[in-house]
Amino acid sequence: MKNSKDYSQKIQKLYRTLSHKYPKVQIVSHDKVIDAVVYAIISAEMSEKVTDSIIRKFTEYFVDWNDLRVSRTEEIIEVIGKDNSVAVSIASALTTVLNGIFNQFHQVSLEALKKIGKRPARQALEKIEGVSRFVVDYCMLTALGGHAIPLTENMMNYLKSNDLVNPDADQQQVEGFLAKQISAKNGYDFYALIRQESESSAEKKKAKAGAAREKSKTKTSTVTKNIKK
């Protein structure tokens, strides 16, 4: 990545700042790789708090992940509880990926990946239909003991808008750069902190934009009333 030396200093400073700003991160580790896959597909689009809620709904409603695999998109959306484009995207991704796993491994399980080494495991994940880069990296980080910094679209936007990485770099370049700056033992800690900060920043921007719209509506309404008078 261009100007990596300058950005390296910014990333190290950011890590120190966020480590003091937020409570100590509780490292998440998935015993089953398939659990990490399902979690990652949802959390790529939703906050972790919402993802945890959806996972609980899934485990209560579906018998297992194979039951989820063969379910209708409309049914999955209903369980998610949000009938919008994001829910549709998640439901579609879940069935596509779970069917991809079933077609490739003849079961809805990825435990075999634990026995073949990290690089082959990553390559196997990348070959599954519908699997995104975020899902691959999240699985490597939380279920397969790999060194990766998963990045959601929101996290990428945060890093670029705050001039923490080169604005022209793609996701692969940014992730590769971050993996060189952050040691494997601190990988999840850094991921969780950046994710928390980026989601907090996005919420503040959303609230600010909403307040501005309300202010604009009030102003327009007042002007309209004055004109009528």
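Q: Leaving aside its neighbours within four places in sequence, which residues is Ser47 in contact with?
A: This is a predicted model, in which local features need pLDDT of at least 70, side-chain atom pairs count only at pLDDT 80 or more, and totals for chains, interfaces and linings use all residues. Residues are numbered from 1 along each chain as its sequence is written, and side-chain values use heavy atoms, leaving out hydrogens and water. Contact means heavy atoms within 4.5 Å. With neighbours up to four places away set aside, the partners of Ser47 are Arg195 and Glu199.

Q: How many Å apart in space are Ser47 and Gln196, C-alpha to C-alpha?
A: Start with the place of Ser47, which is in the loop between α2 and α3 (48–61). Gln196 is 149 residues away from Ser47 in sequence, yet the C-alpha to C-alpha distance is 8.9 Å.

Q: Is Ser47 buried, partly exposed or exposed?
A: Relative accessible area decides this: under 20% is buried, over 50% is exposed and in between is partly exposed, with a 1.4 Å probe and protein chains only. Ser47 has 25% relative accessibility, so the class is partly exposed.

Q: How many helices and how many strands are there in the protein chain?
A: Both are DSSP runs numbered from the N terminus, helices being H or I with at least four residues and strands E with at least two. Along the sequence, the pattern reads α-α-α-α-α-α-α-α-α-α-α. The count is 11 helices and 0 strands.

Q: How many of the 11 residues of α2 are buried?
A: In the protein chain, 41% of the 229 residues are buried. Among the buried residues of α2 are Val33, Ile34, Tyr39 and Ser43. Helix α2 is largely enclosed by the rest of the structure, because the number of its residues that are buried is 10.

Q: Roughly what angle do the axes of α7 and α8 cross at?
A: Axes are lines fitted to C-alpha atoms, for helices over the stretch in contact, with angles from 0 to 180 degrees between N-to-C directions. Helix α7 (residues 118–126) and helix α8 (residues 133–142) have axes that come within 10 Å and cross at roughly 150 degrees.

Q: Is α7 roughly parallel or antiparallel to α8?
A: Angles under 35 degrees count as roughly parallel, over 145 as roughly antiparallel, 65 to 115 as roughly perpendicular and the rest as oblique. The axes of α7 and α8 cross at roughly 150 degrees. That makes α7, relative to α8, roughly antiparallel.

Q: By class, how many nonpolar, polar and charged residues has the contact of α7 with α8?
A: Lys118, Arg122, Leu125 and Glu126 come from α7, while α8 brings Val136, Asp137, Cys139 and Met140. Asp, Glu, Lys and Arg count as charged, Ala, Val, Leu, Ile, Met, Phe, Trp, Tyr, Cys and Pro as nonpolar, and the others, Gly among them, as polar. The tally is 4 nonpolar, no polar and 4 charged.

Q: Which residues does Leu125 touch, not counting residues up to four places away in sequence?
A: Leu125 is one of the α7 residues that make the contact with α8. Beyond its sequence neighbours, Leu125 touches Leu110, Leu113, Val131, Val136, Cys139, Met140 and Leu144.

Q: Which residues in α10 do Arg133, Phe134 and Asp137 in α8 meet?
A: The axes of α8 and α10 (171–181) are 11 Å apart at an angle of about 20 degrees, and the two helices are therefore roughly parallel. Facing Arg133, Phe134 and Asp137 of α8 are Gln171, Gln172 and Glu175.

Q: What is the phi of His106, about how many degrees?
A: His106 is in the loop between α6 (85–105) and α7, and at 65% relative accessibility it counts as exposed. Although His106 is not a glycine, its phi is positive, at about 65 degrees.
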